[in-house]
Amino acid sequence: MAIMDLERMSKYVEVNRQVRMLLERPEKEMSIRLSTRVSSEEMIVADTYVVYYNTARGVAKGGVRMAPDVSLEEVRNLAELMVWKTALTKIPFGGGKAGICLDPLKLSDFAKREVTREFVHILKEELIAGNYVPAPDMGTSAREMAIIYGELHIPECVTGKPPSVGGLPGRREATGRGVVAAAKLAAKECLGKDLSQCTVVIQGFGNVGSYAAQFLHELGGTLVAASNSRGGILNRQGLPVPELMAHYPRRRFEGVEAETVSNQELLALDVDILIPAATGGVITGDTAEAVRAKLVLEGANGPLTPEADEILGKRGIPVIPDILANSGGVIASYIEWRNAKSGSITMAEEVYEFIDTLIERAFQAMMQTAHEHELSYRDAAMLLALDEVIGAMRDRGWV
Ligand code: NAD
């Protein structure tokens with residue numbers, strides 16, 4: 001079932017039969033059995049999915065997720081989220097996603113490279129045509145994007161590359177930057193506070209969470225707790241973010257003065273802002289009652305189940321949705337893609353400014369729509385995105 005509730009949205013925007021037909025299911029789905037030999041003894045075989053959900057506003061853009069349990073349904077949902085994320089921020093891309101069903105932690109660097117190369121071989125025509133433009137997601141990084149580039153030698157065929165091979169300075173930090181840009185606006189709007197006066201918890205100290213912590217720290221906010229899949233650390237006086245960042249590449253919380261805390265306890269801490277930035281579905285109907293934060297920002301894609309979203313709504317805890325809060329990454333990817341096509345270069349500070357501007361524009365539009373129609377922030381953001389996509393489909397004569 002699609003994430004967008006077309007039935008409910010049809011109260012606010014005209015959703016005709018053609019719109020329904022085009023948006024209730026993805027445009028294109030590929031289900032592939034990827035196989036590659038990594039030594040004379042070992043062969044890797046992995047279910048691989050690529051979904052283009054809708055490309056009315058541009059080519060399918062979305063990350064490559066490598067995880068042991070990734071499913072076609074998950075890839076479909078993530079591809080759909082990209083449609084709404086790019087539409088809300090008005091980035092001229094459609095929504096896509098890829099998933100490779102493998103545990104990246106169990107692969108050697110060599111095996112991961114071979115898997116990535118095979119992924120390119122399978123999708124070569126699509127990638128050369130620019131129909132799908134991959135980026136990093138959970139389990140993949142700039143290194144795999146450099147391998148994709150290395151196979152094709154087309155700079156715009158992939159984003160999230162290292163700056164040494166045409167990547168964008170600031171892309172690595174971009175999603176965290178956007179999370180904090182949204183947190184700053186939401187703290188003012190929802191809590192009447194400056195971010196420097198806020199206590200914050202971040203679940204997931206990976207790419208998104210760690211750089212969100214860094215920008216939060218730069219703005220004077222207090223990071224009280226952070227976690228990874230092994231558990232978390234807590235210090236009510238504030239965690240030393242620069243020290244945590246120094247340990248980030250090894251993904252360990254070492255030598256930091258703090259208590260330990262479980263991921264479940266961390267989600268229930270009494271703070272101003274909770275940022276789930278790890279993975280999907282971590283706050284459920286069972287755990288949402290325990291949330292004591294005054295504001296939730298979705299750093300990850302889909303960290304709240306629909307039941308959790310409803311419970312927080314009833315409890316009056318505002319939620320800034322993923323399609324706004326974590327859109328910094330795709331905004332930066334757009335600059336990287338545009339630069340690759342035109343040959344221009346952009347400095348990290350300009351990238352941050354562009355992210356801040358687009359997020360502020362989308363945030364103000366979301367607030368206005370929410371107030372006008374008495375909608376939750378998520379519904380308001382989804383309504384704006386849907387309106388944008390329907391407009392593009394109408395302009396292209398699709399509906
Ligand atoms: P990552 O792999 O770099 O980091 C994920 C972090 O979460 C790691 O610290 C991991 O240990 C931790 N983690 C995983 N499962 C956990 C669990 N159940 N409980 C607590 N911690 C857990 O991934 P990332 O790139 O930071 O992405 C995180 C989320 O943000 C994903 O949902 C991703 O789709 C979304 N996202 C990422 C980007 C991006 O640019 N990287 C952009 C938009 C959205």
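Some ground rules come first. Because the model is predicted, local features need pLDDT of at least 70 and side-chain atom pairs count only at pLDDT 80 or more, while totals for chains, interfaces and linings use all residues. Residue numbers start from 1 along each chain, following the sequence as written.

The protein chain splits into domain 1 (25-83 + 95-165) and domain 2 (174-325), with bounds that come from an automatic or database domain assignment. Taken over C-alpha atoms, the centres of domain 1 and domain 2 are 28 Å apart. Where the domains touch, four residues of domain 1 are in contact with five residues of domain 2; two residues are in contact if their C-beta atoms, placed from the backbone, lie within 7 Å. On the domain 1 side there are three nonpolar residues, one polar and no charged. Here Ala, Val, Leu, Ile, Met, Phe, Trp, Tyr, Cys and Pro count as nonpolar, Asp, Glu, Lys and Arg as charged, and the others, Gly among them, as polar.

Next up is the ligand. The shell around the ligand has 25 residues, and Gly 204, Gly 206, Asn 228, Ala 300 and Gly 329 come nearest; a residue is near a molecule or strand if its C-beta atom, placed from the backbone, lies within 6 Å of it. By class, the shell holds eight nonpolar, 16 polar and one charged. Domain 1 and domain 2 each give at least three residues to the shell. Helix H7 (207-218) and strand E7 (222-228) each supply at least two, and H7 gives the most, with three residues. Helices (H or I, at least four residues) and strands (E, at least two) are DSSP runs, numbered from the N terminus.

H7 also has a helix partner. Helix H6 (residues 171-191) packs against H7 at an angle of about 60 degrees, with the axes 7 Å apart. That makes the pair oblique. Axes are lines fitted to C-alpha atoms, for helices over the stretch in contact, and angles run from 0 to 180 degrees between N-to-C directions. Angles under 35 degrees count as roughly parallel, over 145 as roughly antiparallel, 65 to 115 as roughly perpendicular and the rest as oblique. H6 passes H7 in a right-handed crossing; a crossing is left-handed if the near helix is turned anticlockwise from the far one by less than a right angle, and right-handed if clockwise. Residues making this contact include Arg 172, Glu 173 and Thr 175 of H6 and Asn 207, Val 208 and Ser 210 of H7. The contact of H6 with H7 divides into seven nonpolar, five polar and three charged residues.

A second pair is helix H4 (residues 109-129) with helix H5 (residues 142-152), at about 55 degrees and with axes 9 Å apart. H4 and H5 are therefore oblique to each other, and H4 passes H5 in a right-handed crossing. Among the residues in the contact are Arg 113 and Val 120 of H4 and Glu 144 and Ile 147 of H5. Six nonpolar, one polar and four charged residues make up this contact.

Gly 328, Ile 331, Ala 332 and Ile 335 of H12 meet Val 351, Phe 354, Ile 355, Leu 358 and Ile 359 of H13. This contact has eight nonpolar, one polar and no charged residues.
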